[in-house]
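User: I am new to this structure and would like to learn how to read the contacts made by aromatic rings. Could you take me through some cases?

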Amino acid sequence: MDSPFDIAVTLCPNCKKPYQSSEEVIEHLNSADSCWPENLTNGSLLPVPQALQRPPEQTDLSAKYHPTSGYHYLLPDQPPPRNIFQEMQGHPLQQARETNVWYPFDGLGEWSLAKFLVENLSQTQIDKFLKLDWFQTRERPQFKSKDKLFFYMQQLPGHGPKWQCTKLKLKGYESEQAIHLIWRDALEVTKQLFANPVYAKHMCYDPHYIYQGQECQFGEFWTSDDAWKIQDQLPEGATIVPIVLASDKTPVTRHMGGLEMHPLFLTIGNIQANVRMKATSHAWRCTAFMPTPTFIVNSDFQTLLRARLWHKCMDLVCSNLKVAARVGEYMVDPSARMCYCFTPLISHVADLPEQLMITCLCNRVDPWNLIVFIREAKKLHLSGVHLPYWRNWRHSNPARFLMPEILHALHKFFFDHVLKWIKQIMGHELDIRFKSHHKRTGIHHFSGGVSHVNQMTGREHRDIQHTIVPTLWGVASPGFIRAVHAMIDFIYLAQNPLHTESSIASMAQALRDFHNNKQAILDAEARQGKGGAKDDFFIPKLELMQSFTRAIFHVGSLMQWTADIARILDRKEAIWLFDLYTLLSSSSSMPGQDPLINAVIMEDEEITSTEMDPTLAWVSNANPAAQLRLQAPRPVRNHFLKGILSDNACIAFNVTVKADRSRLSVSQLQSSYNLPDFAHALHLYATRNGCTLSDHLSFNMWSKFRIQLYSMFHTCRIMPSQQIHAEPPSTNFPRGNCDAVLFNQTGDGGNDVRAIFQPTFPRGSRAQLPERLSQVLVYIQHFDFIVPGPEPSTGMWMLDRVIRCGSIIALTDITHAVEIIPVYQGPLGKDVNSGNSLEVFDDYFLNNFADKELYHSLSVISDN
């Protein structure tokens, strides 16, 4: 069958000269006198998928792209495609903005005031502010009232899809108040996201398989089986725009006239997951506010009628998306290229009760005879909704798009069940142990314990998971610890941003290990109900975990959703877009390059290696002088640029230019840090490296350093640095505040960093130290692995403290910051606290759950 995209192109897309055929146009563009600018050609590159952004030395990675996806088109008799910022140039007031980019506001100062008032004050408060006597002696802004201010706001370009209000009614049923759906067309919201140049460098348009050695790798939706299968069913050259919906049952009453409504959010799967899941990226858009009326019916029917109304609202909001999924829709991409797009629903993120509401269908009886219909639906375990919104959405299957998500399926499960089981058997001892954990910079320390907290955020759930397994030691039975350890293993493996067949098999094995050991939880009577101890595991979320493996194969890595990422309404959207538009319009771009096109170029490795907010990255390139005016999270500081590098340049270290303590003698150092064998350790280090020590050495001391590594999953991405302390003894830390590390020595089982120093000669001396002595060094005290392997119930290596003498190594020999947890033997004494818990025990666990990157690193180390 002929492709529907065989469009005869007779005009050159650049110089507009007529040609007899598209072949002649191509020949003209490829000729030596081509009218196509070089810089425009370089700017038309497509971004490299995140999983393929690997260093050149990683040669075991290969990819296979779908051969007929993601074509670009020129439509005859149509103006050139423009992205959303270029569309803003077509605004009726654009001519006035040629001289004043902030028009209708009188410059940056007035725009900043207007933005502050709209974002922070109510309309009544704005009116009161503008009438203050303060303005009698100062120049008033052009807007003298709130009405004038909001009129000015309406003149801004880039408002996006319009909000509308539709009055609804369910056939034959009255509600206590009128039913209003506040919504905007989901297809128009999708087009706006797809054409936003902020995301140009973080987009994907083509299904592709990625192979790591012989294994297939699963990450974004584009690497899944379903992406390839959907593309196979579309016309040649079509582009998939995967729709991701999310429902939030948090009631919204502000700006809603007191009505309780539930927001619906939308994003697209073309935007990389690590970008779209950040609140500051503005990649989620509020698309509708679902009404939750009270119907004048028997209470038995209230839930069913609300569910039917919800599906009816979804039908209306998503109707054009369903048409586009069936016949396609032309859309402009961020680089102002035309694509022929199809919009399958690949994910609807919701908690379990809402997922059950979404999957519902029954046609055996009259759906409006509620009594009979509900009776028949319940026989089939159906809810009674007869017209689910997804019924006519092509390529959309609830068995696929209702994929598990991390927050509700894992973190909430842990808090609602696993943590309760642990509290039941440990009681107050759980809080005592959490309070005694060593404090580490950047890590949440539960100084008040965890038992008293009834509600926690997902972040706090994760923080408890970091240390819960070794904390159980000495109270719970080995089988109980194995069950909890297996569940935490499953939770960590499920969160991998990239999966392979072997990692998915490990995840499935962890779930089997939990089920093999869960009887120990019942034996401990830890699972309690209203009537006492339970003897079953009838937990729906636990059953859903069986579907994780299938979901990853079909749709890629699981989504880490939080409702906090998408609270942007129309006015805030317009303010954000206009702010960015003014910054870019005032930039001095390269000749021939449109400042409103976020060109995809091959960047230097040191620039691309740090994860930067996409908006800030664009502005910093296009208009560096204006980037400080942009409110955005600053990028991860890259210590690989100016820091101390390891021998293989894979680890960076940083110490401050000025030492915390300068020119200490050997005796002062030994006394201040309580290290009586320091001089002997330094002598051994010098001898080992063929150096001779001078009697006149002094030492500059640091109390901390930073270590920075590349991600184990995305090996071109730099992770945030971690801070390692080595502070001398004090009142709060009788033996010093010292953190643990690993260094590159076979059999090394963890080490306390006791001192960070650099030898130096007295001022005025012209003598020079050997290279191995002139660098930053650390004094460490050792722990040894207790062989033959990890302790079976916790899966962690146990460490034994060597006698309190240490050795000296180069700072660059350190490979990881780690956490060690005491091996508790029964109830903890009152004399143990966070300041001495790393000193008063003999044995410790090397905690492989300290963070997800370390978990993966230690798994690799253990395997080797």
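This is a predicted model: local features need pLDDT of at least 70, side-chain atom pairs count only at pLDDT 80 or more; totals for chains, interfaces and linings use all residues.

User: How is a pair of two aromatic rings described?

Analyst: A pair of aromatic rings is described by two quantities, the distance of the centres and the angle of the planes. In this model the count comes to 35 aromatic pairs. One of them is formed by Phe105 and Tyr152, which are 5.6 Å apart from centre to centre, with 80 degrees between the planes. This pair is edge-to-face, because its angle is over 60 degrees.

User: Where in the chain do Phe105 and Tyr152 sit?

Analyst: The pair links distant parts of the chain, 47 residues apart: Phe105 belongs to the loop between helix H4 (94-97) and helix H5 (108-120), whereas Tyr152 belongs to helix H7 (residues 146-154).

User: Are Phe105 and Tyr152 buried or exposed?

Analyst: Phe105 has a relative accessible area of 0% and is buried, and Tyr152, at 10% relative accessibility, also counts as buried.

User: Which pair is tilted?

Analyst: Phe490 and Phe548 form a tilted pair, with 5.3 Å from centre to centre and 40 degrees between the planes. Here too distant parts of the chain are linked, since Phe490 in helix H19 (residues 478-494) and Phe548 in helix H23 (residues 548-555) are 58 residues apart. Both Phe490 and Phe548 are buried.

User: Which residues do ring pairs link into a cluster?

Analyst: Ring pairs join Phe105, Trp111, Phe143, Phe151 and Tyr152 into a cluster.

How values were computed
Residues are numbered from 1 along each chain as its sequence is written. Side-chain values use heavy atoms; hydrogens and water are left out. Rings of Phe, Tyr and Trp (its six-membered ring) pair if their centres lie within 6.5 Å; planes under 30 degrees apart count as stacked, over 60 as edge-to-face and the rest as tilted. Helices (H or I, at least four residues) and strands (E, at least two) are DSSP runs, numbered from the N terminus. Buried means under 20% relative accessible area, exposed over 50%, partly exposed in between (1.4 Å probe, protein chains only).
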